[in-house]
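Good morning, everyone, and thank you for making the time. Please take a moment with the sequence and the model before I go through a few of the local features.

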Amino acid sequence: MSAYPIRPLDKVATLIAGTGFPKRFQGQVDGELPFFKVSDISRCVRSGGRVLHEAPNWITEAVAEELKAKRLPKGCIVFARIGEALKLNRRAVLGTDAIVDNNVLGVKAGPDVSDDYLYYFFQTVRLENLSRATTVPAVRSSDVSQIHIPVPNRSTQTEIVNKIDQLFSRIDEGERALRKVETLVERYRQSVLKAAVTGELTRDWRTANRERLQAEGGTGQALLDRILTDRRQAWETAELKKLKAKGKTPANDAWKSKYKEPVTPDTDGLPELPEGWVWATIDQLQTEFRNGLSRKPVNAPPGNPILRISAVRELAVDERDIRYYVPKEDEDVSSSCVEPGDFLFTRYNGNPSFVGVAGLFRGPQPVLHPDKLIRFSPVRVDGLVPQFVEVALNSGQTRNHISSRVKTSAGQHGIAGGDIKVAPVPIPPVGEQNVIAARVESMLSQVLHLTTDLSAADRKANSLRQAVLSTAFSGQLIKQDT
């Protein structure tokens, strides 16, 4: 309940719908009018801004007339009116006269309401609550027009806005401090991962165990030799199984010549590794390396669980992030089944920082994977520690190699499986892999605790903002005249 008079929004402001934006006019950087899209609003808000000035799309007055575009005046509040972006409740203010596309709605304050007051009021409005019950969430101008807004006199509005600005500036200061801490935490995390794959993390351990390591002779090269032997044996076993399935029995060993030797690492330009370590390639470590299923899954059962692309992030696979795949009659999906101990790479993503990241699938149950994820099944050999391999795939020279091979097309970013297979991977001795894995787990658990605390602080800051706004529009933020 507010202490101020309540009025329908359309009595104190004008709602302006956007305009369709044909592709033939998009991408122009010359013109008199910026043409803003939902993505421009999101970019502005995510960067901590409020006012839209520059746009990636501009049109001329002549094109605006051809499109019968409605010009939105400077100071107009703009926001997404359709799709998932509507639920994000992001608002921006036009810093100049502009055109917006038809996925955007604008609201311009009338003489009884100031632009800043209206902007802050819209920070309290949850548009998804007005959304029509359709597959795609959307609101109409008629829905928004009936929102009720408290309308004190203009001088009181100014007092309210000034008080909100004052309180928000204090919250902003706290959030800036949080961002600095987040930066330091991320630097620490990256330094841990780098130290893990360069040997710095276990330098003390190697020094303390040098005599024992030399006596045992358990080097990374010895481990790699065993991996390569088991890799070939795994291929021969699988090949014999295929031949028997076809009713064929080899008369001699000639069929073994079909084995394709894995790519060896190109060590030119790679840094020197600690004593006992060796460079390998992902190709040398794998028994299977393949894309998944390309047919589109469904959102609900029935069907076989299949991971979403978003399930794979750096050092993580979220087995709960799934959809459902309904096989066609007699379709064999076994080659797209991810088993515990397999690794998954993101092959394709709109965000280049996610392309080529890898996670270890820990199960508990097998699951299918889609075409935009690559499954890397390692040689199952005692001594290749999965937790270490997961760290190595996302760090140091391995990550540098993969990142440098990412290609961009039509705004999407991807990498070929062949480029991932030749990535260099450092292989320490078995005992050192276990020590690295344990130390990284311990250190990253500390990072997780810190990031959890920072996220809680972020939520608290957002709650404080909402509390300030709620108090402001109920009439309790400033003293009322008696």
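Predicted model: local features only at pLDDT ≥ 70, side-chain atom pairs only at ≥ 80, totals over all residues.

In which loop is Lys246 found? Lys246 sits in the loop between α9 (220-245) and β11 (278-281), where the names follow DSSP runs numbered from the N terminus, helices being H or I runs of at least four residues and strands being E runs of at least two. Residues are numbered from 1 along each chain as its sequence is written, and side-chain values use heavy atoms, with hydrogens and water left out.

Lys246 counts as exposed because its relative accessibility is 62%; here buried means under 20% relative accessible area, exposed means over 50%, and partly exposed is in between, with a 1.4 Å probe and protein chains only.

Let me turn to the salt bridges, meaning a side-chain nitrogen of Lys or Arg within 4 Å of a carboxyl oxygen of Asp or Glu. By this rule the count comes to 30 salt bridges. One of them joins Arg232 and Glu261, with the closest N and O atoms 3.5 Å apart, and this pair links distant parts of the chain, since Arg232 is in helix α9 and Glu261 is in the loop between α9 and β11, 29 residues apart. Arg232 counts as partly exposed at 26% relative accessibility, whereas Glu261 counts as exposed at 52%.

Another salt bridge brings together the side chains of Asp283 and Lys421, at 3.9 Å from N to O. Asp283 lies in helix α10 (residues 282-285) and Lys421 in helix α13 (residues 417-421), so this pair ties together parts that are 138 residues apart in sequence. Asp283 is buried, with a relative accessible area of 6%, while Lys421 is partly exposed, with 25%.

A further salt bridge is formed by Glu288 with Arg375, where the closest N and O atoms are 3.1 Å apart. Here Glu288 in strand β12 (residues 286-291) is linked with Arg375 in strand β22 (residues 373-378), 87 residues apart. Is Arg375 buried or exposed? Arg375 is buried, with a relative accessible area of 2%.

Next comes a sheet. Three strands form an open sheet in the order β5-β3-β8, with mixed pairing, and two strands are said to pair if DSSP finds at least two bridges between them. At the edges stand β5 (58-59) and β8 (99-100), each with a single partner strand, so one side of each is left without a neighbour in the sheet. Strand β3 (residues 33-36) pairs with β8 in the parallel sense over two bridges, and Phe36 stands opposite Val100 in β8.

Finally, some details of the backbone. The peptide bond joining Pro301 and Pro302 is cis, with omega about 5°, and Pro302 is found in the loop between β12 and β13 (304-307). Also cis is the peptide bond from Gly363 to Pro364, with omega near 15°, and Pro364 belongs to the loop between β20 (358-360) and β21 (367-368). Lys68 has a phi near 55°, a positive value in a residue other than glycine, and lies in the loop between α2 (61-66) and β6 (77-80).
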